[in-house]
Amino acid sequence: MPGEPQGDCLFCKIVEGHIPATIIRETDTTVAFRDINPQAPTHVLVIPKAHYATAAVLAAAAPELAADVLRETQAVADDEKLESYRTVFNTGSGAGQTVWHAHAHVLGGRGLHWPPG
């Protein structure tokens, strides 16, 4: 069920404290932590504490929570002193989504060329 913790979800387990992560920010509704396979000098994931499988599902079911996630991407960028950064939501396996819990990637600290590879 959308919004409910999923027992087999890696990110739900991080939210619950069952799996360690390098958490750099936390609010009542979100958690931000360093990616374990960084693709840039700064690579932080911002997730809603509630479980939604994709960014599209999150936006449709809980737009206020989606806004919280986006707001936190800016807070991460500010904390990391990034003058520019990229926010990425991978939606679906063809786009590279490997964890089925909505999350934003905050990437920065190097040139990020377009189009992405």
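**Entry 1, ground rules.** On a 1 Å grid over the protein atoms alone, I took a pocket to be an open set of points with protein on both sides within 12 Å along at least five of seven lines, a cavity being a set where a 1.4 Å probe fits but cannot get out; lining residues have an atom within 4 Å of a point. Grid points are joined across faces, edges and corners, and a volume is the space filled by probe spheres set on the points. I kept in mind that this is a predicted model, where local features need pLDDT of at least 70 and side-chain atom pairs pLDDT 80 or more, while totals for chains, interfaces and linings use all residues. Residues are numbered from 1 along each chain as its sequence is written, and side-chain values use heavy atoms, with hydrogens and water left out.

I found a volume of about 770 Å³ for the largest pocket. Which residues lie nearest its centre? They are D35, Q39, H43, N90 and H105, out of 32 lining residues. I then looked up the elements, which are DSSP runs numbered from the N terminus (helices H or I, at least four residues; strands E, at least two). Helix 1 (10–15), strand 2 (30–34), strand 3 (42–48), strand 4 (85–88) and strand 5 (104–108) each supply at least two lining residues, and helix 1 gives the most, with three. I sorted the lining into 16 nonpolar, 12 polar and four charged residues. Here Ala, Val, Leu, Ile, Met, Phe, Trp, Tyr, Cys and Pro count as nonpolar, Asp, Glu, Lys and Arg as charged, and the others, Gly among them, as polar.

My rule was a side-chain nitrogen of Lys or Arg within 4 Å of a carboxyl oxygen of Asp or Glu. The count came to five salt bridges. One of them joins E72 and R25 at 2.6 Å, N to O. E72 lies in helix 3 (residues 63–79) and R25 in strand 1 (residues 23–26), so this pair ties together parts 47 residues apart in sequence.

I checked burial too (buried under 20% relative accessible area, exposed over 50%, partly exposed in between; 1.4 Å probe, protein chains only). E72 is buried at 10%, whereas R25 is partly exposed at 24%.

R25 also meets D79, at 2.9 Å, N to O. That pair links strand 1 to helix 3 across 54 residues, and D79 is partly exposed at 41%.

R34 and E80 form a salt bridge, their closest N and O atoms 2.8 Å apart. R34 sits in strand 2 and E80 in the loop between helix 3 and strand 4, so the pair ties together parts 46 residues apart in sequence. Both count as partly exposed, R34 at 31% and E80 at 23%.
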